[in-house]
Amino acid sequence: MMWRSSFPHWSNMSTARPIPSAERSEPPPSCPDLDVRDLEKRTRLMRIVTRLIAVSDLGSRDIARRAGLPVQKISDLLSGRLEHLSLDELRLVYRTIDPDGAPH
């Protein structure tokens with residue numbers, strides 16, 4: 001019985017390539033935006049700013065307008081999308097909400 005010959009050999013049609021072990025073990029390329037210290041600073045400041053926003057009388061649109069940022073940046077901040085905000089933008093939002101406070 002020639003059962004196997006009536007079906008195409010699917011493994012020959014695959015476009016996947018094996019990844020050499022050296023390629024798998026290499027760390028991802030360094031990205032300045034993913035610097036650990038910068039990420040820690042942004043995380044701490046994001047927590048402070050989101051708390052300030054929660055107790056503030058200002059709405060997201062008003063904060064964005066006063067800081068000169070798009071409303072989407074404030075939405076990203078409140079959603080925890082830290083990768084969308086730089087440390088400078090977080091400091092700007094902080095100063096907008098609490099002008100007398102010292103940004104971290």
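## Basis of the model

This is a predicted model, in which local features need pLDDT of at least 70 and side-chain atom pairs count only at pLDDT 80 or more, while totals for chains, interfaces and linings use all residues. Residues are numbered from 1 along each chain as its sequence is written, and side-chain values use heavy atoms, with hydrogens and water left out.

## Overall architecture

The protein contains five helices and zero strands, and its pattern along the sequence is α-α-α-α-α. Helices (H or I, at least four residues) and strands (E, at least two) are DSSP runs, numbered from the N terminus.

Of the 104 residues in the protein, 23% are buried. Buried means under 20% relative accessible area, exposed over 50%, and partly exposed in between, with a 1.4 Å probe and protein chains only. The protein exposes about 8100 Å², of which carbon and sulfur atoms supply 55%; accessible areas come from the Shrake-Rupley method with a 1.4 Å probe, and for residues only the protein chains shown count as cover. Among contacts with a separation of 6 or more, 58% are between residues 24 or more positions apart. Contact means heavy atoms within 4.5 Å.

## The nonpolar core

The largest nonpolar core has 18 residues, and those with the most contacts inside it are Val-49, Ile-53, Ile-63, Leu-77, Leu-90 and Val-93. Such a core is a set of buried Ala, Val, Leu, Ile, Met, Phe, Trp, Tyr and Cys residues joined through side-chain atoms within 4.5 Å. Helices α2 (36-55), α3, α4 (71-78) and α5 each supply at least two residues of this core, and α5 gives the largest share, five residues.

Ile-53 illustrates these links: not counting residues up to four places away in sequence, Ile-53 touches Ile-63, Leu-77, Leu-78, Val-93 and Ile-97.

## Packing of α3 against α5

Helix α3 (residues 60-67) and helix α5 (residues 87-97) pack at an angle of about 110°, with their axes 9 Å apart. Therefore α3 is roughly perpendicular to α5, a description that applies to angles of 65 to 115 degrees; under 35 counts as roughly parallel, over 145 as roughly antiparallel and the rest as oblique. The axes are lines fitted to C-alpha atoms, for helices over the stretch in contact, and angles run from 0 to 180 degrees between N-to-C directions.

Ile-63, Arg-66 and Ala-67 of α3 make this contact with Leu-92, Val-93, Thr-96 and Ile-97 of α5.

## Buried residues of α5

In α5, the buried residues are Leu-87, Glu-89, Leu-90, Val-93, Tyr-94, Thr-96 and Ile-97; their cover includes α2, α3 and α4. Glu-89 counts as buried because its relative accessibility is 18%. Leaving aside neighbours within four places in sequence, Glu-89 is in contact with Leu-69, Lys-73 and His-84.

Leu-87 counts as buried because its relative accessibility is 12%. With neighbours within four places in sequence left aside, Leu-87 is in contact with Asp-38, Lys-41, Arg-42 and Leu-45. Leu-45 lies in helix α2 and, at 0% relative accessibility, counts as buried. The C-alpha atoms of Leu-45 and Leu-87 are separated by 8.1 Å, although these residues are 42 residues apart along the chain. Leu-87 and Leu-39 are 48 residues apart along the chain, with their C-alpha atoms separated by 8.6 Å.
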